[in-house]
Amino acid sequence: MVVDDAHTRINEMRVLRRARHSAEHAFTIVATTWPDRADEVTAALPGAVRLDIDLLERSDMNALVTSLGVTGHRARAAVLDQAAGRPGWAVTLCQLFTTGEGGQVANGAAHLANVERHLRRITETETAVDVLACVAALGGASSETLYALAPLVGEPPARMSGLMERLARHGLVETVHDVWRLQPALRAPLIARWFFTRPANRPWSTLCDAFPTRSRDLVSAAISAARVSVSLDARTAVENWVRALPAPTEWDTGTLSLVSEYARLDREAAQFAVTQARAILAAPRDEPMNATITDRQADAAARQLAQSATQYLLPEAITALLDLAVGDERPRHSTPQHPLRVLDDVAKTIDPDFGTVFEVRGLLLRPVLEWLRTHRSPADWGVATEVLASIFSAETSGTWTDPGSPSTVTLARGVESAENLARLISLWDQVAPVIEETERQDGLNSAPAAVVPLLDLAASWVRLGAGFVPHNSEPSREQKNQGAKGGTRMLASLHHLLQASPGLALRARRMLNAAYARTGDEGSNLPALDIDPDMQSFIGWSRRDATGHQDETAPGSVRTVESLAQRIVALGPTAGVARFIALAEQSELAGDHGGGTWVADHMVPHLTDAAAWHAAATAAGSPPIHRAALSRWLTTSPDMLSAEVLTSALDDPRFRTGVISTVLGRGTDDTAAQLVVAKMRTEDAWLLDSIFLRDEPHEVLHRLLRHPDAVVAGSTAVIFAIGQPHGPSLPDAWRATWCDAVRRTRPEDLPQHDEWRASQLLAHLAEHDPDLLETWYTARLDEMAEQGYFAAPEPHGCDLHLDRLPQSHRYRLTVRCVDLPRIGHSPLVQLVGADRNLAEQLIRDDVVTPDRLLEALAGQRNETLESLGPLLLDHGVPAAHIAADVAWVDSWWGEDSARHQHLIDYFTDLSIRVPALAAVAEAGRAQQEELLRTAERKERAARVQGR
């Protein structure tokens with residue numbers, strides 16, 4: 001016999017029990033009730049077995065939902081979020097989807113009905129629902145908030161916490177950082193039903209008047225109610241707040257966050273948010289004092305533009321993003337919020353429910369072409385063509401999480417269908433006139449660098465036609481046909497621009513050759529391109545034959561590079577530098593970023609008047625020629641190179657790197673080298689690693705070791721073959737100077753590779769020169785004493801070498817650091833380690849107390865515990881304290897419950913293996929078993945929520 005809501009039928013259950021005793025056939029009573037009434041029902045059924053039924057985990061809910069025929073991404077997400085682990089709710093919501101009434105689920109109407117029935121069933125009074133609604137509207141309630149809420153709802157303050165605890169047993173609320181919060185899926189529907197459904201159960205104004213300092217939380221609540229319901233009252237409350245806002249330039253980030261929530265309501269709200277965001281960005285702004293200070297208001301406004309462009313494709317948001325993109329040189333791949341990255345994601349997105357939506361591309365194209373009517377500078381063209389390349393890309397991509405398993409992420413990449421590719425080619429007809437126009441001086445022909453994105457786009461279509469796609473799948477024949485057709489069409493539009501620029505023409509030729517290498521097709525349908533042989537030689541590129549051999553007479557070979565170098569030199573300094581710079585600019589367009597270094601190197605022996613070439617390169621700003629001329633000058637007549645010339649070049653950021661590497665790279669300790677070494681600064685130290693590649697020491701290295709800048713001296717010290725197999729040997733006469741440089745070295749200040757070299761050196765010193773390592777570590781401790789606390793020194797892990805030092809060294813370092821407050825690991829872990837003799841001496845000499853020595857056991861589930869544990873027990877340290885320190889885990893991959901089970905297994909084994917530590921093992925096992933139970937409860941709650 002099943003008794004539903006048994007807490008309301010106690011007397012009926014007594015009748016059933018009497019009937020069961022008198023009946024011929026025995027039966028079992030199954031009584032269902034709510035958690036807070038379970039004790040009462042259990043008392044009415046002596047001997048009954050209690051079974052607590054928790055919310056279902058999200059994976060199980062997902063299996064239920066899909067079994068009912070709801071498989072769409074958004075539909076599953078809506079059901080799973082709203083049902084929140086309740087299978088009955090999920091079944092009801094799924095039935096609405098299968099009967100064509102999914103709109104009621106999407107707008108929250110169906111969820112409202114579920115929530116209301118549920119709350120009225122499990123709460124004993126209307127007051128309980130009122131409290132829940134108010135807590136939901138406030139976004140959470142601390143103990144102080146509950147006290148302030150009590151008179152408003154007519155409940156004694158002393159009973160408020162008990163009420164919340166009862167509701168928590170029903171799974172309706174939870175505490176997060178001592179704040180009661182309603183389940184997220186219940187919050188907005190309850191607010192909409194309680195405050196904004198006529199007749200309202202409580203006037204919204206009463207809550208606003210009672211909590212004036214929580215206005216932002218209340219506005220957010222009203223917005224959430226307007227989003228999940230069709231309530232005019234909720235929307236009116238929100239619009240009243242919007243109308244009362246000050247000028248957008250006076251908004252802080254909190255207001256901007258609320259406006260962002262408001263903008264998600266509908267297109268009209270998004271339009272308002274975009275207008276205000278543009279006003280914020282257009283207002284005059286103070287320059288930040290340094291690069292680390294960001295303009296939070298402007299950043300929030302830019303995020304708003306991206307949100308509205310993505311959600312509603314608002315033309316105003318799209319053009320505002322184009323404005324923001326001008327001059328924004330941040331890398332796209334690592335900057336998701338870059339305006340052009342945002343538009344690229346919108347153009348090529350794959351929707352988990354609908355796949356690719358071609359219409360998005362057309363909606364993006366119109367505002368871009370409209371923007372180009374009034375934005376024609378080279379920088380504007382650079383932005384526009386990058387967006388056009390995204391709009392016309394044949395590739396698509398998307399990323400989304402699985403609603404049933406939010407930790408599972410799908411990364412989708414593909415190529416548009418052949419049908420959509422054909423539509424893209426037709427859409428190109430709207431772009432072609434803008435690209436092909438030649439009469440206007442501010443056309444695309446005025447910005448050759450802006451042609452590169454379109455050329456790369458055309459090449460990607462050509463590669464598709466040849467059967468190449470970036471994700472290694474095989475396109476269909478129809479897709480390849482459209483790829484070839486689209487590539488030909490785009491290259492035809494670009495042909496006049498490519499032919500006008502040698503660099504672009506070469507870039508196109510290289511791309512086409514690579515694309516057709518697989519098929520053997522030479523692209524006979526494509527317009528021919530005239531390639532400048534000088535350009536090929538400048539960047540060292542030529543077409544190899546089928547066997548992979550290169551013709552020595554072909555452009556780009558050593559012979560032709562040498563010939564080009566001689567011809568540039570023959571032009572004389574001024575004209576030669578101008579020709580070199582022109583070729584360098586075109587080589588950038590061709591995709592070569594070497595700057596003509598190879599050609600400049602070949603020019604060096606032919607520069608008969610190095611001073612004149614140096615002056616011409618300085619005037620024109622050509623670092624490669626400047627370096628070549630300086631190299632020749634130092635070779636032929638170094639005495640004629642004045643200190644003023646060198647100093648001037650060092651003071652110019654364009655030439656400083658070349659001067660340092662050229663002068664010092666010779667290894668000659670002359671006047672020029674002495675001047676350069678004297679003028680080196682911290683930011684120059686990274687050059688030393690690449691300059692000194694030889695194994696022979698020379699006097700320039702000795703001079704650098706004595707440099708007053710600790711970073712320069714330190715970067716030099718780690719170059720030597722000490723602790724590493726490569727580098728020059730250290731002469732005995734230099735060792736004192738080298739040791740001084742090591743002592744001054746702060747590895748965290750060194751260039752990255754030098755910092756790694758420093759870590760290798762310190763490991764070497766631990767065994768081969770412990771005195772120097774102790775001196776170095778003491779210097780770091782002195783710095784820590786000045787800052788007032790200990791933190792493990794850089795490079796990371798260098799303290800791991802301390803346990804290899806002799807005992808006397810470790811004793812002295814312990815004395816030096818033991819009294820310093822610390823952040824992070826204790827140095828005692830490595831300094832004392834498993835050395836019981838040292839530990840006893842430190843205690844005996846009153847250097848450390850037994851309780852302080854406990855720090856040496858942090859996370860040490862090894863011989864350190866087995867050596868020091870009995871000693872600490874003998875000195876009265878509680879076993880529970882030792883167990884807690886030993887159980888500390890620096891890092892763990894996986895669930896906390898697995899970590900605690902691992903520690904339980906460890907302590908169980910310890911009690912058998914080391915009887916002297918049985919008390920520690922018992923304490924540790926008890927601690928971990930309690931922590932395991934807590935972790936399992938939290939993890940199950942997280943699985944219910946899909947985390």
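1. In this predicted model, the bridge partner of Glu174 is Arg181, which belongs to strand 4. The two strands concerned, strand 3 (residues 173-176) and strand 4 (residues 179-182), pair in the antiparallel sense over 4 bridges, and they form a hairpin that leaves 2 residues between them. His177 is found in the loop between strand 3 and strand 4, where its phi is near 55 degrees, a positive value in a residue other than glycine. With a relative accessible area of 76%, His177 is exposed.

2. Some other backbone details deserve a look, given that most residues other than glycine have a negative phi, and most peptide bonds are trans. Asp5, which is not a glycine, has a positive phi of about 50 degrees, and Asp5 is found in the loop between strand 1 (2-3) and helix 1 (10-22). The peptide bond from Arg198 to Pro199 is cis, with omega near -10 degrees, and Pro199 is found in the loop between helix 11 (184-196) and helix 12 (204-210). A cis peptide bond also joins Glu794 and Pro795, with omega at about 0 degrees; the place of Pro795 is in the loop between strand 9 (790-791) and helix 42 (807-817).

3. On the aromatic residues, a search of the whole structure finds 10 aromatic pairs. One of them is formed by Phe195 and Phe196, whose ring centres are 6.5 Å apart and whose planes stand at 55 degrees, so the pair is tilted. Both Phe195 and Phe196 are buried, and together with Trp204 they form one aromatic cluster.

4. A further pair is that of Trp251 and Phe272, with ring centres 6.4 Å apart and planes at 40 degrees, so this pair too is tilted. The pair links distant parts of the chain, 21 residues apart, since Trp251 is in the loop between helix 14 (232-243) and helix 15 (253-263), while Phe272 is in helix 16 (residues 267-282). Are these two residues buried or exposed? Trp251 counts as buried at 5% relative accessibility, whereas Phe272, with a relative accessible area of 23%, is partly exposed.

5. An aromatic ring also has a charged residue over it: Arg86 lies over the face of Trp89, at 4.7 Å from the ring centre.

6. Which residues have the most contacts inside the largest nonpolar core? In this core of 150 residues they are Phe195, Trp204 and Phe392. Leaving aside its neighbours within four places in sequence, Phe195 is in contact with Ala133, Cys134, Ala137, Ala200, Arg202, Pro203, Trp204 and Leu207. A second, separate core has 62 residues, including Leu675, Ile691, Ala758 and Trp776.

7. Ala898 has its place in helix 48 (residues 896-913) and counts as partly exposed, at 38% relative accessibility. Between Ala898 and Trp371 there are 527 residues in sequence and 57 Å in space, taken from C-alpha to C-alpha.

8. As to confidence, the protein chain averages a pLDDT of 90, and 95% of the residues score at least 70. Over residues 289-293, however, the pLDDT is below 50, and this stretch has 1 contact in the model beyond near neighbours in sequence. The pLDDT also stays under 50 over residues 542-551, for which the model has 12 contacts beyond four places in sequence.

Technical notes: Residues numbered from 1 in each chain as written. Predicted model: local features only at pLDDT ≥ 70, side-chain atom pairs only at ≥ 80, totals over all residues. Heavy atoms only, no water. Phe/Tyr/Trp six-rings, centres within 6.5 Å; stacked < 30°, edge-to-face > 60°. Buried < 20%, exposed > 50% of the residue type's maximum accessible area, 1.4 Å probe, protein only. Lys NZ or Arg CZ within 6 Å of the ring centre and 35° of its normal. pLDDT = per-residue confidence, 0-100. Contact = heavy atoms within 4.5 Å. Core = buried A, V, L, I, M, F, W, Y, C linked by side-chain atoms within 4.5 Å. Pairing = 2+ DSSP bridges.
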